[in-house]
Amino acid sequence: MRDRVADLARLRERLREGPGPAATQAQRSRGKLTVRDRLALLFDDGTFTEVEPWRRHRATGFGLEDRRPPTDGVVTGWGEVYGRTVFAYAHDFRIFGGALGEAHAQKIHKVMDLAESVGAPIVGLCDGAGARIQEGVTALAGYGGLFQRNVRCSGVLPQISVMVGPCAGGAAYSPALTDFVFMVRDISQMFLTGPDVVHAVTGEVITHDALGGADVHGELSGVAAFVHDSEADCLADVRYLLSLLPANNRELPPDGPADDPPQRRTERLLDLVPAEPRQSYDMYQVLTEIVDHGEFLEIHERWARNIICALARLGGQVVGIVANQPSHLAGALDIHASEKAARFVQTCDAFNIPLVTLVDVPGFLPGVDQEHGGIVRHGAKLLYAYCNASVPRVQLVLRKAYGGAYIVMDSQAIGSDISLAWPTCEIAVMGADAAASVIFRREIASAADPEKVRGQRIAEYQEALMHPFYAAECGLVDDIIDPADTRAALISALTMLRTKHRGVPARKHGNQPQ
């Protein structure tokens, strides 16, 4: 028995080393970590338990029968992240280029099924060349099983995809079905058709990074929620994100220590936000003042920058924050901002994360490209997401809130539980200038001094309909608060709403706008 245990230890050590020094050196020469390095960074020290490490493929033909390395190119198992169970699968590019075959797929299917059965998050470390061509259609079927599980676990378990290598063809659809996608500059790419195919079909010449690199998906397509310069930084943020998410949709997110006083006054907000509605400011500074210790994790930081979506803590409780960004496109909602915020609201609602919406919006962005691009359809996605959300919802109007964009940004009319406003708020169908020009256009046009009359009518409209107390008088906001009391007011509302429960109608599922 001792001899066999000693043999087992030697075999296990050889298995951990991988296919050999040459393959490992080739991996490192590309600026990439090995699969074991990555798992060590993801999990708490000494907590990873591997599943099916001895698994080999059974395929024959094209020389496969002579190449049957253990693990079959993917390491699967579970471990702990900050003491909580998390499942993972990680492609090993050193074996078959991380390509997925039948046995490879079955290992991933098993660990996903385990994650579903125990109710724990699943993280995929993606570094593979797609389907294993030598195995034919069985490899494609393996992807089908993966996609089916992605969808089945959607909104049930947090699913995170970490792109640390290539991901081409149909393989790219699995990350697209998950909740969050991380990418690392220079080493990760995602695309359905690579540069060679693009050149053959269209004649365009483009590099892998320019076609589907991290910055492309972080800034242009919106596929990547997070972009990092190194794998170590990337995996550190994966751990941080997991610390803000519940294990599954039946649990609440884990509370943090409430060591930033809930009653802390936010006096600096009085100077940060100008009373003049046309004057810009940086909403990031507002968030820093309000949330615990000024810390928040932004989703899609570099895509659709006119709206901010972030996870943070208020009084130790995890919240999802949606905020217009006046320093970019004046905070107006456009196609990409609507899509970004809608996805974030749905994710928070799925995982029991309360929503705080900070409103300073002049309306939807006008333009032919927006209308032809379907702003009506895309804006409806955000409206649908808010109306459908059953988590606690608190709205705060900082300054302007005009037209349909005000309604869409979680107004009381569509179900916000508590709506607060600052004394600088202007809630109206449109700005006073535009409103006066419509209502009094004939009088202004026929006046001896049109500009003087315009100014008088603008002031009249503002005094009648745009002062902060008009919205409160109409019951559209619950209270007008001192900006210095913002943090305390938000935490008080969220604490009260902690036990909120809203029934849902009996239906198979809604038919949300696409």
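Colleague: As what does Tyr284 count in this model, given its 23% relative accessibility?

Modeller: A residue is called buried under 20% relative accessible area, exposed over 50%, and partly exposed in between, using a 1.4 Å probe and protein chains only. At 23%, Tyr284 therefore counts as partly exposed, and Phe296, with a relative accessible area of 22%, is partly exposed as well. Please keep in mind that this is a predicted model, in which local features need pLDDT of at least 70 and side-chain atom pairs count only at pLDDT 80 or more, whereas totals for chains, interfaces and linings use all residues. Residues are numbered from 1 along each chain as its sequence is written, and side-chain values use heavy atoms, with hydrogens and water left out.

Colleague: How many aromatic pairs does the structure hold?

Modeller: Rings of Phe, Tyr and Trp (its six-membered ring) pair if their centres lie within 6.5 Å, and planes under 30 degrees apart count as stacked, over 60 as edge-to-face and the rest as tilted. The structure holds six such pairs. In one of them, the rings of Tyr143 and Phe147 have centres 6.0 Å apart and planes at 20°, so this pair is stacked. Both belong to helix H5 (residues 137-153), where, being four residues apart, they are separated by about one helical turn; helices (H or I, at least four residues) and strands (E, at least two) are DSSP runs numbered from the N terminus. Tyr143 is buried at 9% relative accessibility, while Phe147 is partly exposed at 21%.

The rings of Tyr284 and Phe296 are also stacked, because their centres are 6.2 Å apart and their planes lie at 5°. This pair links distant parts of the chain, with Tyr284 in helix H12 (residues 283-290) and Phe296, 12 residues away, in strand E10 (residues 296-299).

Colleague: Which residues of helix H19 are buried, and what do they pack against?

Modeller: The buried residues are Val453, Arg457, Ile458 and Tyr461. The buried residues pack against helices H17 (432-439) and H18 (441-446), where contact means heavy atoms within 4.5 Å.

Colleague: Where does the charged end of Arg457 sit?

Modeller: A charge sits over a ring if NZ of Lys or CZ of Arg is within 6 Å of the ring centre and within 35 degrees of the ring normal. The charged end of Arg457 sits over the ring of Phe440, 5.5 Å from its centre, and Lys32 lies over the face of Phe93, at 4.2 Å from the ring centre.
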